[in-house]
Amino acid sequence: MKARWTDLAVEARGGINRHSRTERLGSGIERTVVRIDDEKSAGELGRPMGTYVTLSCPQMMSIELSTRQALSEELSHTLRAMLPRDARTVLVTGLGNRSVTPDALGPRTVERVLVTRHMDGCLPHDVEERMASVCAAAPGVLGVTGLETAEVLRGMVEHAKPDAVIAVDALAARSSQRICSTIQVADTGITPGSGVGNHQKALTRETLGVPVIAVGVPMVVYASTIARDAMAYFGEESGASEADEEKLAECVERVVSERLGDLIVTPREVDALVERMAGIVAEGINLALHPGLSAREIAQLMAQ
């Protein structure tokens, strides 16, 4: 069922413990690495082969500034490890629909990325030599532009010739606790819209010709999944057996799906949550692409 679907590797079906490693970092952040090294494992988990890093913090409407900074710094370390060592030019693309708030993470993140490809000769030499060449774009969605995202990005890659692409997108989660509290980074690329059943052409090394690193944050969950979680809590409180809990949850999930269809929900505070997560992700990208600059220098350059 689609309620079981998730974009997160840590929520993938079956056998995840054999492929994952979790460690607790400072500021309440948890880091889980899932490595899928062979076709058999890829089939078990329903994911392409590659490395998936998940950064999680407790879900709350207001994250402390120290936790936000720690998330951005950990994201920057993860991205730097996945980027080609000799990368000089990177294209950052924000996937999604700017006009639909839960899907606007990508475009809003791109607005906060320090773009430098056009700055050659415009800044002091000591500053320029510490910066990478970065270009950014939010290509929009098929329903608005009539163009597949992969088609648009292929043209950009052919023209700008980046050494890598970082694609930022909103994701779907299985657990409502993951919404706006988790960042997934994967070196496998991404298929826009896959989490909500709107599959488009994949953005991968094979389709674009350069490495594609996907950065995503869960913004939505299926209503049937929430109903299933609620019944699981009810089963725990009532002392029902695991088999009875599963039967009850499946019954509720089926009823919700039949009555409401593929209803997707998001928190009512989604406007503030998207802005917050866009800021965290953008800062992580900026620190990763410009390791020679401090956060303060990046902020000053962004203000120019």
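Modeller: Asparagine 97 is found in the loop between S4 and helix H3 (105-110). Keep in mind that this is a predicted model.

Biologist: Is asparagine 97 buried or exposed?

Modeller: Asparagine 97 counts as buried because its relative accessible area is 17%, and the cut-off for buried is under 20%.

Biologist: What does the side chain of asparagine 97 reach?

Modeller: The backbone nitrogen of serine 99, at 2.9 Å.

Biologist: And which residues is asparagine 97 in contact with, leaving aside neighbours within four places in sequence?

Modeller: Those are Asp103, Ala104, Val141 and Val144.

Biologist: New topic, pockets. What volume does the second largest pocket have?

Modeller: About 280 Å³. The lining of that second largest pocket consists of 16 residues. Nearest its centre lie Arg85, Ala87, Ala288, Leu289 and Pro291.

Biologist: Which strand and helix each supply at least two residues of that lining?

Modeller: Strand S4 (89-94) and helix H10 (270-289).

Biologist: What is the lining like by class?

Modeller: Nine residues are nonpolar, two are polar and five are charged.

Biologist: Is cysteine 57 buried or exposed?

Modeller: Cysteine 57 is buried, with a relative accessible area of 8%. Cysteine 135 also counts as buried, at 13% relative accessibility.

Technical notes. Residues numbered from 1 in each chain as written. Predicted model: local features only at pLDDT ≥ 70, side-chain atom pairs only at ≥ 80, totals over all residues. Heavy atoms only, no water. 1 Å grid on protein atoms, 1.4 Å probe; cavity = no way out; pocket = protein on both sides within 12 Å on 5 of 7 lines; lining within 4 Å. Points joined across faces, edges and corners; volume = space filled by probe spheres on them. Helix = DSSP H or I, 4+ residues; strand = E, 2+ residues; numbered from the N terminus. Nonpolar A, V, L, I, M, F, W, Y, C, P; charged D, E, K, R; others polar. Buried < 20%, exposed > 50% of the residue type's maximum accessible area, 1.4 Å probe, protein only. Polar contact = N/O pair within 3.5 Å; in protein donor to acceptor, adjacent residues only side chain to side chain. Contact = heavy atoms within 4.5 Å.
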